[in-house]
Amino acid sequence: MNDRKAALKILLDIYENKAYANIALSKYFKNNSLEDTDRRFITQLVYGTVKSGDTLLWILRQYIKMPVSKVHPVIRTILRMGIYQLIYMDKVPVSAACNESVKLAKKYGHAGTVKFVNAVMRSIDRDRSRCDFAKAGNSTSYTALKYWHPEWLVNLFAAEFGMKQTEALCSFNNQDAPLSLRCNTLKTTAEQLMEYLAAKGTICERSHLCADAVICTKHPSLASMDFLENGMAIVQDESSMLVAHVMAPMPTDLIIDVCSAPGGKTTHIAALMKNKGRVIANDIHEHKLKLIEDNARRLGLDNIEIHVEDACNIGALYSKTADKVLADVPCSGFGVLRRKVDARWNKTKDEIEKLPQTQYKILESAAEAVKTGGIIVYSTCTILKRENGDVVNKFLAEHKDFKLESIDKFLPDRLRGRGDMLQLLPHIDKTDGFFIARMRRIV
Ligand SMILES: C[S@@+](CC[C@H](N)C(=O)[O-])C[C@H]1O[C@@H](n2cnc3c(N)ncnc32)[C@H](O)[C@@H]1O
């Protein structure tokens, strides 16, 4: 199958079957053995088309009379892909973007749809002035179209960061994220992992944020390397690795991770405990527990016990027993939009409204499990104050038996002195957006 046909198949799985983009892509790659160049092209085309979402549909609307919803889903997807190549993929010649879209229409449509695809693609190429986003109206619509975000999200970011920063943030969200690996210090060192990766043709460097992290800017297919399977490393963003360091786990600790799947932070904590002590990895979703189990097995960890429970019950179950508790709560995930290409289009305003309440309930219950003198760490991969500082401040106001502690001593120099709670912002820190706060039970 040629690359564009493959991309079409994957995109239809995403649009029509509501598959997650990363899962649809991995499923295709698993079932089809491809050269690295083909994998890269397909990934770029699929991820780019998904990320630019409604902007492509807006462009399409400027060139057709019928409503976009009335275009047959396969033809609509061929056009989305075609427009993405035409407008955003500099390396794809115009002729290839147009001709290949027409070829796909011939394969999956009929004479009428072939003519339609040909006419739309050629007229976009001939008259680009119709795609001028300034025509869309106000500055929010313009920013949303230019930087491929839903308008409600641009409004939300603008209210929090102002429009200038929102543009920088949205632009950063469209960049490709490098592969970030956490070296499994129980099996190897970051230096040895770097040597291994370099020998496989990977371009990588040590992270500036975390000693265990290796950042790969270019790499062959992960399936062609065995370092994940043999437990030398795990895929995890460098900012997320800071959480386990802020927990400062000791080999004698009892630690509860109340929202732990797929186990990135749990396994990091367990490794920092040198595979000693006791880590209780809890999650509400039973089907996700296997992910924690697989990660722990690959990394050679046997100090982790896996439990399924609503985090809101953890306080009652383990009242004042844990040395440290991690509440890495479910969140809007707006710090990781560059990695989750479909997230910005799949989330709804309503669904994120209710998050702070849930997060507060989980934090309150998780804190109940901390023994006197013990620690609770609250973290999210989002950048909204209402899910981060506001939740922690409300908790501190209502629980005088907990005190916020500075986390500076656990952080690299460049992140120190920002106040007691750490908020990493993607467009400023050039990492995933992350929030971390550490509190101690004083009575
Ligand atoms: C941000 S993710 C955790 C990521 C994980 N800590 C890691 O580093 O790999 C949040 C997790 O919370 C779980 N979750 C959501 N609501 C929950 C609840 N009420 N109780 C326990 N877990 C919950 C989700 O299944 C999800 O796996």
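Q: How do the residues of the shell around the ligand divide into nonpolar, polar and charged?
A: This is a predicted model, and in it the shell has nine nonpolar, four polar and five charged residues.

Q: Which residues come nearest to the ligand?
A: Cys259, Gly264, Lys265, Ile284 and Ala311 come nearest, out of 18 residues around the ligand.

Q: Changing topic, what domains does the chain have?
A: The domain assignment gives domain 1 (3–131), domain 2 (179–235) and domain 3 (240–441).

Q: How many residues do domain 2 and domain 3 put into their contact?
A: Domain 2 supplies 13 residues and domain 3 supplies 14 residues. The C-alpha centres of these two domains are 24 Å apart.

Q: And what is the domain 2 side made of?
A: The side of domain 2 that touches domain 3 has five nonpolar, four polar and four charged residues.

Q: Which residues touch the most other members of the largest nonpolar core?
A: Val258, Val325, Ala327, Ala366 and Ile376 do, in a core of 77 residues.

Q: Where does this core lie relative to domain 2 and domain 3, and why?
A: It lies between them, because domain 2 (179–235) and domain 3 (240–441) both give residues to it.

Q: Take Val325. What does it touch?
A: Leaving out residues up to four places away in sequence, Val325 touches Ile256, Val258, Ala366, Ala367, Ala369, Val370 and Ile376.

Q: Which residues does the second, separate core include?
A: That core has 34 residues, among them Leu11, Val46, Ile59 and Ile124.

Q: What does UniProt place at Cys381?
A: The unreviewed UniProt entry places the feature "active site" at Cys381.

Q: Where in the fold is Cys381, and is Cys381 buried or exposed?
A: Cys381 sits in the loop between β9 (370–380) and α19 (389–398). Cys381 counts as buried because 25 other C-beta atoms lie within 10 Å, and the cut-off for buried is 20 or more.

Q: Which residues is Cys381 in contact with?
A: Setting aside neighbours within four places in sequence, Cys381 is in contact with Ser240, Cys331, Gly333, Gly335, Val336, Asp432, Gly433 and Phe434.

Q: What feature does UniProt place at residues 169–442?
A: The unreviewed entry lists "domain: SAM-dependent MTase RsmB/NOP-type" there. In the model, that span is 31% helix and 24% strand, and its end C-alpha atoms lie 38 Å apart.

Q: Where is Ala322 found, and what does it touch?
A: Ala322 is in strand β8 (residues 322–328). Not counting residues up to four places away in sequence, Ala322 touches Leu254, Ile255, Ile256, Ala369, Val370, Lys371 and Gly374. Ala322 is buried, with 26 other C-beta atoms within 10 Å.

Q: Now the backbone. Which residues does a cis peptide bond join?
A: The cis bond joins Ala261 and Pro262, with omega about 5°. Pro262 is in the loop between β5 (254–257) and α13 (264–272).

Q: What is phi at Lys18, and is Lys18 buried or exposed?
A: Phi of Lys18 is near 60°, a positive value in a residue other than glycine. Lys18 lies in the loop between α1 (3–17) and α2 (21–31). Lys18 counts as exposed because it has 10 C-beta neighbours inside 10 Å.

Q: What about phi at Ala248?
A: Ala248 has a positive phi of about 50°, although it is not a glycine. Ala248 is in the loop between α12 (238–247) and β5, and it is partly exposed, with 16 other C-beta atoms within 10 Å.

Conventions:
Residues numbered from 1 in each chain as written. Predicted model: local features only at pLDDT ≥ 70, side-chain atom pairs only at ≥ 80, totals over all residues. Near = placed C-beta within 6 Å. Nonpolar A, V, L, I, M, F, W, Y, C, P; charged D, E, K, R; others polar. UniProt positions renumbered as here; feature names shortened; annotations may be inferred. Helix = DSSP H or I, 4+ residues; strand = E, 2+ residues; numbered from the N terminus. Core = buried A, V, L, I, M, F, W, Y, C linked by C-beta atoms within 7 Å. Buried ≥ 20, exposed ≤ 12 C-beta atoms within 10 Å, placed from the backbone. Domains from an automatic or database assignment. Contact = placed C-beta atoms within 7 Å.
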